[in-house]
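Please read the points below with the structure open beside them.

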Amino acid sequence: MIRRVDPLERLTAATRERTAAGLRRTLRPRTPAQTLLDLASNDYLGLSRDPRLAEGAIEAVRTWGTGSTGSRLVTGTTELHTALEERLAGFVGTPSALVFSSGYLANLAAVTALRPGLIVSDRGNHASLIDGCRLARCPVVVTPHCDVAAVDAALDGARDAVVVTDAVFSVDGDLAPLRELHAVVRDHGALLLIDEAHALGVVGPGGRGAAYAAGIAGEPEVIITVTLSKSLGSQGGAVLGAPEVIETLVDTARSFVFDTGLAPASAGAAAAALDVLAAEPELATRARDRARRLAASADALGLETTTPAAAVVPVILGDPGRAVRAAEICAEHGVRVGCFRPPSVPQGRACLRLTGRATLEEAELTEVTGALTGVRELIGPYSARNADPTR
Ligand code: PMP
(Lines give C-alpha, C1' and ligand atoms only; values in the text may rest on other atoms or scores of the structure.)
Protein backbone atom coordinates (compact mmCIF):
# COMPACT_ATOMS: atom_id res chain seq x y z
CA MET A 1 0.00 0.00 0.00
CA ILE A 2 1.28 3.49 -0.83
CA ARG A 3 1.66 5.63 2.27
CA ARG A 4 0.66 9.20 1.55
CA VAL A 5 2.75 11.79 3.37
CA ASP A 6 1.68 15.34 3.77
CA PRO A 7 4.32 17.21 1.71
CA LEU A 8 4.00 20.23 3.99
CA GLU A 9 4.32 18.31 7.28
CA ARG A 10 8.04 19.05 7.65
CA LEU A 11 7.33 22.77 7.25
CA THR A 12 4.61 22.59 9.91
CA ALA A 13 7.00 20.78 12.26
CA ALA A 14 9.69 23.45 11.73
CA THR A 15 7.11 26.19 12.35
CA ARG A 16 6.14 24.47 15.60
CA GLU A 17 9.79 24.56 16.67
CA ARG A 18 10.07 28.25 15.86
CA THR A 19 6.90 28.89 17.86
CA ALA A 20 8.38 27.09 20.87
CA ALA A 21 11.60 29.14 20.54
CA GLY A 22 9.70 32.46 20.40
CA LEU A 23 10.80 33.03 16.80
CA ARG A 24 7.44 33.31 14.99
CA ARG A 25 6.93 36.49 13.02
CA THR A 26 3.61 38.13 12.36
CA LEU A 27 2.56 40.55 9.67
CA ARG A 28 0.68 43.42 11.26
CA PRO A 29 -0.98 45.50 8.53
CA ARG A 30 -1.02 49.19 9.25
CA THR A 31 -4.36 50.94 8.85
CA PRO A 32 -4.87 54.55 7.78
CA ALA A 33 -6.25 55.25 11.25
CA GLN A 34 -3.25 53.79 13.06
CA THR A 35 -2.77 55.59 16.36
CA LEU A 36 0.53 54.13 17.61
CA LEU A 37 3.50 56.47 17.63
CA ASP A 38 5.92 55.14 15.00
CA LEU A 39 9.38 54.32 16.30
CA ALA A 40 9.70 51.15 14.25
CA SER A 41 10.02 52.38 10.68
CA ASN A 42 13.07 53.45 8.69
CA ASP A 43 11.34 56.69 7.71
CA TYR A 44 14.17 58.56 9.45
CA LEU A 45 13.27 62.02 8.18
CA GLY A 46 9.50 61.52 8.17
CA LEU A 47 9.39 62.07 4.40
CA SER A 48 7.34 59.05 3.35
CA ARG A 49 4.11 61.00 3.79
CA ASP A 50 5.49 64.39 2.79
CA PRO A 51 3.22 66.09 0.20
CA ARG A 52 6.27 67.19 -1.80
CA LEU A 53 7.28 63.56 -2.33
CA ALA A 54 3.71 62.57 -3.15
CA GLU A 55 3.64 65.33 -5.75
CA GLY A 56 6.96 64.08 -7.22
CA ALA A 57 5.53 60.57 -7.47
CA ILE A 58 2.24 61.72 -9.00
CA GLU A 59 3.98 63.89 -11.55
CA ALA A 60 6.23 60.95 -12.51
CA VAL A 61 3.21 58.66 -12.93
CA ARG A 62 1.45 61.24 -15.10
CA THR A 63 4.49 61.59 -17.33
CA TRP A 64 5.86 58.04 -17.39
CA GLY A 65 3.05 55.73 -16.24
CA THR A 66 2.75 53.38 -13.31
CA GLY A 67 5.32 50.83 -14.40
CA SER A 68 8.76 51.25 -15.92
CA THR A 69 7.64 48.70 -18.57
CA GLY A 70 10.87 46.71 -18.92
CA SER A 71 14.38 46.05 -17.78
CA ARG A 72 16.70 49.02 -17.64
CA LEU A 73 18.52 47.89 -20.79
CA VAL A 74 15.32 47.61 -22.84
CA THR A 75 12.53 50.13 -22.04
CA GLY A 76 12.96 50.59 -18.27
CA THR A 77 15.26 53.62 -18.39
CA THR A 78 13.56 57.03 -18.59
CA GLU A 79 15.04 60.50 -18.37
CA LEU A 80 13.76 60.45 -14.80
CA HIS A 81 16.07 57.52 -13.99
CA THR A 82 19.18 59.10 -15.48
CA ALA A 83 18.44 62.48 -13.86
CA LEU A 84 18.00 60.74 -10.48
CA GLU A 85 21.34 58.95 -10.96
CA GLU A 86 23.11 62.22 -11.62
CA ARG A 87 21.52 63.87 -8.60
CA LEU A 88 22.32 60.96 -6.27
CA ALA A 89 25.96 60.92 -7.39
CA GLY A 90 26.20 64.68 -6.88
CA PHE A 91 24.67 64.45 -3.41
CA VAL A 92 26.80 61.55 -2.16
CA GLY A 93 29.98 62.84 -3.85
CA THR A 94 30.76 60.08 -6.35
CA PRO A 95 31.38 60.45 -10.09
CA SER A 96 28.45 58.27 -11.15
CA ALA A 97 25.49 56.18 -9.98
CA LEU A 98 23.08 53.48 -11.14
CA VAL A 99 19.59 53.01 -9.67
CA PHE A 100 17.98 49.65 -8.92
CA SER A 101 14.48 48.63 -7.93
CA SER A 102 15.70 47.94 -4.37
CA GLY A 103 18.69 48.41 -2.12
CA TYR A 104 18.82 44.64 -1.73
CA LEU A 105 19.31 44.17 -5.47
CA ALA A 106 21.86 47.02 -5.55
CA ASN A 107 23.91 45.17 -2.93
CA LEU A 108 23.68 41.85 -4.75
CA ALA A 109 24.85 43.60 -7.92
CA ALA A 110 27.71 45.49 -6.32
CA VAL A 111 29.18 42.50 -4.50
CA THR A 112 28.92 40.04 -7.37
CA ALA A 113 29.73 42.19 -10.40
CA LEU A 114 33.05 43.34 -8.96
CA ARG A 115 34.20 39.74 -9.56
CA PRO A 116 36.20 39.61 -6.34
CA GLY A 117 39.01 37.13 -5.79
CA LEU A 118 38.33 37.45 -2.05
CA ILE A 119 35.64 39.18 -0.02
CA VAL A 120 36.33 40.44 3.49
CA SER A 121 32.98 41.00 5.21
CA ASP A 122 32.21 42.45 8.66
CA ARG A 123 30.25 39.98 10.77
CA GLY A 124 27.58 42.61 11.47
CA ASN A 125 26.77 43.22 7.80
CA HIS A 126 23.22 43.28 6.46
CA ALA A 127 21.71 40.11 4.95
CA SER A 128 21.75 41.59 1.44
CA LEU A 129 25.54 41.95 1.59
CA ILE A 130 25.84 38.45 3.02
CA ASP A 131 23.70 37.09 0.18
CA GLY A 132 25.90 38.98 -2.28
CA CYS A 133 28.93 37.22 -0.77
CA ARG A 134 27.21 33.85 -1.22
CA LEU A 135 26.36 34.59 -4.85
CA ALA A 136 29.85 35.86 -5.65
CA ARG A 137 31.23 32.31 -5.50
CA CYS A 138 34.64 33.28 -4.17
CA PRO A 139 36.37 32.84 -0.80
CA VAL A 140 34.84 34.99 1.96
CA VAL A 141 36.57 35.95 5.21
CA VAL A 142 34.14 37.17 7.88
CA THR A 143 35.96 39.53 10.24
CA PRO A 144 35.03 40.49 13.81
CA HIS A 145 32.86 43.58 14.06
CA CYS A 146 34.69 46.79 13.04
CA ASP A 147 38.10 45.09 13.42
CA VAL A 148 40.46 46.96 11.07
CA ALA A 149 43.50 44.87 12.05
CA ALA A 150 41.61 41.69 11.11
CA VAL A 151 40.70 43.22 7.73
CA ASP A 152 44.35 44.18 7.20
CA ALA A 153 45.47 40.63 8.01
CA ALA A 154 42.82 39.07 5.73
CA LEU A 155 43.98 41.23 2.81
CA ASP A 156 47.60 40.15 3.14
CA GLY A 157 48.64 38.62 -0.19
CA ALA A 158 45.06 38.67 -1.55
CA ARG A 159 44.32 39.57 -5.18
CA ASP A 160 41.25 41.47 -6.38
CA ALA A 161 39.90 41.67 -2.86
CA VAL A 162 36.78 43.61 -1.89
CA VAL A 163 36.14 44.72 1.69
CA VAL A 164 32.41 44.97 2.40
CA THR A 165 30.84 46.89 5.28
CA ASP A 166 27.69 48.65 6.39
CA ALA A 167 28.39 52.34 7.09
CA VAL A 168 25.86 52.34 9.95
CA PHE A 169 25.00 48.86 11.21
CA SER A 170 21.31 48.22 10.84
CA VAL A 171 20.42 47.10 14.37
CA ASP A 172 23.27 48.24 16.64
CA GLY A 173 23.35 51.63 14.91
CA ASP A 174 27.13 52.03 15.22
CA LEU A 175 29.44 53.47 12.58
CA ALA A 176 32.12 51.51 10.69
CA PRO A 177 35.70 52.88 10.90
CA LEU A 178 35.55 54.01 7.28
CA ARG A 179 38.69 56.17 7.14
CA GLU A 180 40.82 53.41 8.65
CA LEU A 181 39.29 50.78 6.38
CA HIS A 182 39.94 52.96 3.35
CA ALA A 183 43.61 53.39 4.30
CA VAL A 184 44.02 49.61 4.65
CA VAL A 185 42.18 48.90 1.41
CA ARG A 186 44.30 51.41 -0.50
CA ASP A 187 47.52 49.89 0.87
CA HIS A 188 46.48 46.48 -0.43
CA GLY A 189 45.16 47.64 -3.83
CA ALA A 190 41.68 46.39 -2.88
CA LEU A 191 38.18 47.89 -3.18
CA LEU A 192 35.92 49.10 -0.36
CA LEU A 193 32.16 48.60 -0.71
CA ILE A 194 30.16 50.67 1.79
CA ASP A 195 26.42 50.18 2.32
CA GLU A 196 25.02 53.56 3.34
CA ALA A 197 21.41 52.35 3.72
CA HIS A 198 21.12 53.72 7.29
CA ALA A 199 23.53 56.62 6.82
CA LEU A 200 22.14 58.44 3.78
CA GLY A 201 20.02 61.37 4.89
CA VAL A 202 21.19 61.12 8.50
CA VAL A 203 25.00 61.02 8.71
CA GLY A 204 27.32 63.73 7.42
CA PRO A 205 26.61 67.32 6.45
CA GLY A 206 23.00 67.58 5.27
CA GLY A 207 22.79 63.76 5.31
CA ARG A 208 25.26 63.15 2.50
CA GLY A 209 26.40 59.96 4.18
CA ALA A 210 29.28 58.52 6.16
CA ALA A 211 31.71 58.19 3.24
CA TYR A 212 31.19 61.87 2.37
CA ALA A 213 31.73 62.79 6.03
CA ALA A 214 34.95 60.71 6.07
CA GLY A 215 36.15 62.48 2.91
CA ILE A 216 36.40 59.25 0.88
CA ALA A 217 33.21 59.20 -1.21
CA GLY A 218 34.92 60.12 -4.48
CA GLU A 219 37.99 57.91 -4.05
CA PRO A 220 38.49 55.43 -6.91
CA GLU A 221 38.56 52.37 -4.65
CA VAL A 222 35.30 53.31 -2.89
CA ILE A 223 31.93 51.96 -4.02
CA ILE A 224 28.78 53.02 -2.16
CA THR A 225 25.32 51.49 -2.08
CA VAL A 226 22.21 53.26 -0.83
CA THR A 227 18.53 52.58 -0.48
CA LEU A 228 15.82 55.03 -1.51
CA SER A 229 13.45 53.40 0.97
CA LYS A 230 14.58 54.78 4.31
CA SER A 231 15.52 58.48 4.70
CA LEU A 232 14.40 59.23 1.15
CA GLY A 233 10.89 57.96 1.92
CA SER A 234 10.57 56.15 -1.41
CA GLN A 235 11.55 52.70 -2.69
CA GLY A 236 14.57 51.49 -4.65
CA GLY A 237 18.35 51.49 -4.35
CA ALA A 238 21.54 52.60 -6.07
CA VAL A 239 25.21 51.81 -6.50
CA LEU A 240 27.54 54.80 -6.67
CA GLY A 241 31.19 54.96 -7.65
CA ALA A 242 33.66 55.32 -10.48
CA PRO A 243 32.35 55.14 -14.08
CA GLU A 244 34.32 51.90 -14.55
CA VAL A 245 32.27 50.30 -11.78
CA ILE A 246 28.95 51.52 -13.17
CA GLU A 247 29.83 50.31 -16.71
CA THR A 248 30.66 46.89 -15.27
CA LEU A 249 27.32 46.75 -13.46
CA VAL A 250 25.35 47.76 -16.55
CA ASP A 251 26.98 45.01 -18.59
CA THR A 252 27.19 42.19 -16.06
CA ALA A 253 25.17 42.60 -12.85
CA ARG A 254 22.37 40.04 -13.02
CA SER A 255 20.13 41.90 -10.56
CA PHE A 256 20.40 44.93 -12.84
CA VAL A 257 20.13 43.26 -16.24
CA PHE A 258 17.29 40.86 -15.44
CA ASP A 259 15.16 43.05 -13.18
CA THR A 260 12.46 45.49 -14.27
CA GLY A 261 13.58 49.10 -13.85
CA LEU A 262 12.67 51.19 -10.82
CA ALA A 263 9.00 52.33 -10.95
CA PRO A 264 8.63 55.96 -12.13
CA ALA A 265 6.68 56.92 -8.99
CA SER A 266 9.58 55.75 -6.81
CA ALA A 267 12.12 57.65 -8.92
CA GLY A 268 9.96 60.79 -8.79
CA ALA A 269 9.51 60.58 -5.02
CA ALA A 270 13.25 59.99 -4.45
CA ALA A 271 14.15 62.99 -6.63
CA ALA A 272 11.71 65.14 -4.62
CA ALA A 273 13.27 63.85 -1.39
CA LEU A 274 16.69 65.04 -2.60
CA ASP A 275 15.15 68.49 -3.16
CA VAL A 276 13.86 68.45 0.43
CA LEU A 277 17.26 67.40 1.81
CA ALA A 278 18.97 70.19 -0.14
CA ALA A 279 16.46 72.75 1.18
CA GLU A 280 16.41 71.43 4.76
CA PRO A 281 19.87 70.10 5.65
CA GLU A 282 18.96 70.39 9.35
CA LEU A 283 16.73 67.29 9.02
CA ALA A 284 19.81 65.07 9.31
CA THR A 285 21.00 66.81 12.48
CA ARG A 286 17.53 66.58 13.96
CA ALA A 287 17.31 62.80 13.36
CA ARG A 288 20.69 62.26 15.06
CA ASP A 289 19.62 64.45 17.97
CA ARG A 290 16.36 62.51 18.46
CA ALA A 291 18.30 59.22 18.40
CA ARG A 292 20.76 60.45 21.03
CA ARG A 293 17.90 61.53 23.24
CA LEU A 294 16.13 58.18 22.94
CA ALA A 295 19.38 56.38 23.83
CA ALA A 296 19.90 58.72 26.80
CA SER A 297 16.38 57.90 28.06
CA ALA A 298 16.99 54.16 27.80
CA ASP A 299 20.39 54.49 29.47
CA ALA A 300 19.02 56.60 32.33
CA LEU A 301 16.49 53.83 33.00
CA GLY A 302 19.26 51.24 33.25
CA LEU A 303 18.46 49.59 29.91
CA GLU A 304 21.37 48.47 27.71
CA THR A 305 21.82 50.58 24.58
CA THR A 306 24.59 52.12 22.44
CA THR A 307 25.73 55.61 21.52
CA PRO A 308 23.89 56.03 18.22
CA ALA A 309 25.83 57.28 15.19
CA ALA A 310 22.68 57.78 13.13
CA ALA A 311 18.95 57.29 13.75
CA VAL A 312 19.01 53.66 14.91
CA VAL A 313 18.77 53.01 18.68
CA PRO A 314 18.86 49.44 20.01
CA VAL A 315 17.64 48.42 23.46
CA ILE A 316 19.26 45.07 24.08
CA LEU A 317 17.21 42.53 26.02
CA GLY A 318 18.99 39.25 25.29
CA ASP A 319 16.26 36.64 25.16
CA PRO A 320 13.71 36.67 22.25
CA GLY A 321 10.69 36.15 24.52
CA ARG A 322 11.71 39.12 26.64
CA ALA A 323 12.12 41.28 23.52
CA VAL A 324 8.65 40.33 22.26
CA ARG A 325 7.11 41.15 25.64
CA ALA A 326 8.96 44.47 25.74
CA ALA A 327 7.62 45.39 22.29
CA GLU A 328 4.09 44.54 23.52
CA ILE A 329 4.58 46.77 26.55
CA CYS A 330 5.63 49.63 24.27
CA ALA A 331 2.52 49.07 22.13
CA GLU A 332 0.38 49.12 25.30
CA HIS A 333 1.94 52.55 25.96
CA GLY A 334 1.00 53.67 22.44
CA VAL A 335 4.48 53.29 20.89
CA ARG A 336 5.33 50.93 18.04
CA VAL A 337 8.96 49.75 18.11
CA GLY A 338 10.92 47.20 16.12
CA CYS A 339 11.63 43.84 17.73
CA PHE A 340 14.68 41.95 16.44
CA ARG A 341 15.39 38.30 17.20
CA PRO A 342 17.72 35.68 15.75
CA PRO A 343 18.47 35.18 12.89
CA SER A 344 18.23 38.97 12.34
CA VAL A 345 20.60 39.43 15.31
CA PRO A 346 23.10 37.02 16.92
CA GLN A 347 21.88 34.56 19.58
CA GLY A 348 21.45 36.30 22.92
CA ARG A 349 21.16 39.76 21.33
CA ALA A 350 17.40 40.05 20.83
CA CYS A 351 16.48 43.70 21.14
CA LEU A 352 14.07 46.50 20.53
CA ARG A 353 15.02 48.88 17.74
CA LEU A 354 13.88 52.48 18.06
CA THR A 355 14.02 55.07 15.31
CA GLY A 356 15.16 58.59 16.12
CA ARG A 357 12.89 60.17 13.51
CA ALA A 358 13.64 63.83 12.77
CA THR A 359 9.99 64.78 13.19
CA LEU A 360 9.62 63.42 16.75
CA GLU A 361 8.18 66.14 18.99
CA GLU A 362 8.98 66.83 22.64
CA ALA A 363 5.70 65.28 23.86
CA GLU A 364 6.36 62.18 21.78
CA LEU A 365 9.83 61.75 23.29
CA THR A 366 8.19 61.91 26.72
CA GLU A 367 5.70 59.27 25.63
CA VAL A 368 8.61 56.99 24.61
CA THR A 369 10.25 57.47 28.01
CA GLY A 370 6.96 56.31 29.54
CA ALA A 371 6.99 53.19 27.37
CA LEU A 372 10.63 52.43 28.23
CA THR A 373 9.84 52.89 31.91
CA GLY A 374 7.17 50.22 31.45
CA VAL A 375 9.76 47.94 29.83
CA ARG A 376 12.18 48.55 32.69
CA GLU A 377 9.54 47.86 35.35
CA LEU A 378 8.13 44.72 33.85
CA ILE A 379 11.28 43.17 32.51
CA GLY A 380 14.07 44.49 34.69
CA PRO A 381 17.39 45.78 33.45
CA TYR A 382 19.43 43.68 31.09
CA SER A 383 22.24 41.94 32.94
CA ALA A 384 24.32 38.77 32.77
CA ARG A 385 21.91 37.29 35.32
CA ASN A 386 18.78 37.47 33.22
CA ALA A 387 20.46 37.00 29.84
CA ASP A 388 19.56 34.11 27.58
CA PRO A 389 21.35 31.06 29.05
CA THR A 390 22.23 29.92 25.51
CA ARG A 391 24.21 33.06 24.91
N1 PMP B 1 21.22 47.37 3.40
C2 PMP B 1 20.85 47.55 4.66
C3 PMP B 1 21.89 47.82 5.69
C4 PMP B 1 19.49 47.48 5.00
O5 PMP B 1 19.10 47.63 6.27
C6 PMP B 1 18.54 47.23 3.99
C7 PMP B 1 17.04 47.19 4.25
N8 PMP B 1 16.62 46.76 5.44
C9 PMP B 1 18.98 47.03 2.69
C10 PMP B 1 20.33 47.13 2.42
C11 PMP B 1 18.03 46.71 1.58
O12 PMP B 1 17.46 47.85 1.07
P13 PMP B 1 15.98 47.80 0.42
O14 PMP B 1 15.03 47.75 1.54
O15 PMP B 1 15.92 49.03 -0.40
O16 PMP B 1 15.93 46.56 -0.42
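1. V315 stands opposite L352 in strand 11, and P314 stands opposite R353 of that strand. Strand 9 and strand 11 (residues 350-355) are antiparallel and share 6 bridges; two strands count as paired if DSSP finds at least two bridges between them. Strands (E, at least two residues) and helices (H or I, at least four) are DSSP runs, numbered from the N terminus.

2. This is a predicted model, in which local features need pLDDT of at least 70 and side-chain atom pairs count only at pLDDT 80 or more, while totals for chains, interfaces and linings use all residues. Residues are numbered from 1 along each chain as its sequence is written.

3. R353 in strand 11 also has G338 opposite. Strand 10 (residues 335-340) pairs with strand 11 in the antiparallel sense over 3 bridges.

4. The sheet is open, with 4 strands in the order 1-10-11-9 and mixed pairing. Strand 1 (37-39) and strand 9 (312-318) are at the edges with a single partner strand each, so one side of each has no neighbour in the sheet. On average, neighbouring strands are turned by 30° against each other, direction ignored.

5. How many residues of strand 11 are buried? The count is 6 of 6, where buried means that 20 or more other C-beta atoms, placed from the backbone, lie within 10 Å of the residue's own. A350, L352 and L354 are on one side, and C351, R353 and T355 are on the other.

Notes
Axes are lines fitted to C-alpha atoms, for helices over the stretch in contact, and angles run from 0 to 180 degrees between N-to-C directions. A residue is buried if 20 or more other C-beta atoms lie within 10 Å of its own, exposed if 12 or fewer, and partly exposed in between; C-beta atoms are placed from the backbone.
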